[in-house]
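Please keep the sequence and the coordinates in view while reading.

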Amino acid sequence: MMQQLAQLRARYMKLMEGRCGLDKLNRDLLILWIIIGFLNGFIGSRIVSLCGLILPLLAGLRMFSTSIYKRSKENRKYLELKSSVVDGVKIRYRMIKERKKHRYYKCKNCSAYIRVKRKKGEHTIDCPKCGKEIRVKIR
Ligand SMILES: [Zn+2]
């Protein structure tokens, strides 16, 4: 049994040699496929299930691709996009959660978010990222 597993592993290693393999983009494509398949269980749409077949096909093509540089570039772009979306959602969640005690301002120079205690009046704050002075008015 252990020897068969080792042989299987060796075959897999040989098959995947010089190929992209399972990166984060492929993993998320497969997860999205599973989610769509699960949700389509309730809807039962043929169009959605046909569109859902594109995802594992794309993931498979990317996994077995030998253009590792191109695939890693795609993966990097995907991760950048994903992190910017996740960060945006996190900051908005925090803004809502802390809205009674703090205000958030976006620096016009570097786009960083700056948290300011909610005290009435005009305040001058320095951006912690770029150091630019920002004037804010809290009512
Ligand atoms: Zn700034």
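## Helix pair and overall layout

L30 is placed in helix α2. The model is a predicted one. Leaving aside neighbours within four places in sequence, L30 is in contact with P56 and A59.

R27 also lies in helix α2, and R27 is exposed, with 12 other C-beta atoms within 10 Å. I34 is a further residue of helix α2; with 12 C-beta neighbours inside 10 Å, I34 counts as exposed too.

The table pairs each of these residues with a residue that follows later in the sequence.

| Residue pair | Separation in sequence | C-alpha to C-alpha distance |
|---|---|---|
| L30 and G52 | 22 residues | 9.8 Å |
| R27 and P56 | 29 residues | 9.7 Å |
| I34 and M63 | 29 residues | 17 Å |

How do α2 and α3 lie relative to each other, roughly parallel or roughly antiparallel? Two packed helices are described by the angle between their axes and the distance between the axes. Helix α2 covers residues 24–43 and helix α3 covers residues 46–63. Their axes come within 9 Å and cross at roughly 165 degrees. Angles over 145 degrees count as roughly antiparallel, and α2 and α3 are therefore roughly antiparallel to each other. The crossing in which α2 passes α3 is left-handed.

On the α2 side, the residues that meet α3 are L25, N26, L29, L30, L32, W33, I36, G37, N40 and I43. On the α3 side, the residues that meet α2 are V48, S49, G52, L55, P56, L58, A59, R62 and M63.

Helix α4 runs over residues 68–97 and has 30 residues. At 1.5 Å a residue, α4 should span 44 Å, and its end C-alpha atoms are 42 Å apart, which agrees. Is this helix buried or in the open? Of its 30 residues, the number buried is 1, so α4 lies largely in the open.

The chain is divided into domain 1, residues 19–97, and domain 2, residues 100–139. Taken over C-alpha atoms, the centres of domain 1 and domain 2 are separated by 36 Å.

S111 lies in the loop between β1 (102–106) and β2 (113–117). Most residues other than glycine have a negative phi. S111 is not a glycine, yet has a positive phi of about 65 degrees. With 10 C-beta neighbours inside 10 Å, S111 counts as exposed, because 12 or fewer is the cut-off for that class.

Key: Residues are numbered from 1 along each chain as its sequence is written. This is a predicted model: local features need pLDDT of at least 70, side-chain atom pairs count only at pLDDT 80 or more; totals for chains, interfaces and linings use all residues. Helices (H or I, at least four residues) and strands (E, at least two) are DSSP runs, numbered from the N terminus. The expected span of a helix is 1.5 Å times one less than its number of residues. A residue is buried if 20 or more other C-beta atoms lie within 10 Å of its own, exposed if 12 or fewer, and partly exposed in between; C-beta atoms are placed from the backbone. Domain bounds come from an automatic or database domain assignment. Axes are lines fitted to C-alpha atoms, for helices over the stretch in contact, and angles run from 0 to 180 degrees between N-to-C directions. Angles under 35 degrees count as roughly parallel, over 145 as roughly antiparallel, 65 to 115 as roughly perpendicular and the rest as oblique. A crossing is left-handed if the near helix is turned anticlockwise from the far one by less than a right angle, and right-handed if clockwise. Two residues are in contact if their C-beta atoms, placed from the backbone, lie within 7 Å.
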